[in-house]
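Dear colleague,

I am passing on the structure that we spoke about, and below it you will find my notes on what came out of the calculations. Please read them with the model open beside you.

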Amino acid sequence: MGFTGGERTTRRTVAEAKTQFRAGRRRVYRPWVTEPGLWVQYDFGDGPVIKGRKTTLFCAWVPGPDSGW
């Protein structure tokens with residue numbers, strides 16, 4: 001095919017192409033800024049057995065204007 005370069009030249013060229021490709025695909029940190037009252041975070045699960053009865057634990061959090069998020 002007429003290629004006159006060596007293996008090292010090919011490796012160097014491929015490494016440079018990979019570096020440029022990765023540079024354009026980096027993750028950027030963008031904090032999630034919410035407006036108060038527009039979402040809720042919740043979790044639930046099995047709680048302790050009290051006097052022979054199973055309980056369920058439930059926790060919900062609605063951010064307010066001073067939540068820091």
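The secondary structure of this protein, which is a predicted model, comes to one helix and two strands, and from the N terminus on these elements follow the order α-β-β.

As for the overall form, the radius of gyration is 28 Å, whereas a compact globule of 69 residues would have one near 11 Å. The C-alpha trace spans about 85 × 35 × 20 Å along its principal axes. Of the 69 residues, 4% count as buried, and the protein exposes about 7,100 Å², of which carbon and sulfur atoms supply 56%. Among the contacts with a separation of 6 or more, 26% are accounted for by residues 24 or more positions apart.

β1 (41-46) and β2 (56-61) pair in the antiparallel sense, over six bridges, and one of the residues concerned is Phe44, whose bridge partner in β2 is Phe58. Of the six residues of β1, the number buried is zero, so this strand lies largely in the open.

Phe58, which is found in strand β2, has a relative accessible area of 58% and therefore counts as exposed, the cut-off being over 50%. Together with Val40, Tyr42, Phe44 and Val62, Phe58 makes a nonpolar surface patch of about 580 Å², so that both partners of the bridge named above belong to this patch.

Also in strand β2 is Cys59, which at 51% relative accessibility is exposed as well, since the cut-off is over 50%. Leaving aside its neighbours within four places in sequence, Cys59 is in contact with Gln41, Tyr42 and Asp43. With Gln41 the separation is 18 residues in sequence, while the C-alpha to C-alpha distance is 8.4 Å.

Finally, where does Lys51 sit? Lys51 has its place in the loop between β1 and β2, and it is exposed, with a relative accessible area of 84%. Although Lys51 is not a glycine, its phi is positive, at about 50 degrees. Most residues other than glycine have a negative phi, which is the reason for pointing this residue out to you.

With best regards

Technical notes. Residues numbered from 1 in each chain as written. Predicted model: local features only at pLDDT ≥ 70, side-chain atom pairs only at ≥ 80, totals over all residues. Heavy atoms only, no water. Helix = DSSP H or I, 4+ residues; strand = E, 2+ residues; numbered from the N terminus. Buried < 20%, exposed > 50% of the residue type's maximum accessible area, 1.4 Å probe, protein only. Pairing = 2+ DSSP bridges. Patch = residues over 30% accessible without salt bridge, like charges linked within 9 Å, V, L, I, M, F, W, Y side chains within 5 Å. Areas by Shrake-Rupley, 256 points an atom, 1.4 Å probe, with all protein chains shown as cover. Salt bridge = Lys/Arg side-chain N within 4 Å of Asp/Glu carboxyl O. Contact = heavy atoms within 4.5 Å. Rg over C-alpha atoms; globule rule 2.2 N^0.38 Å.
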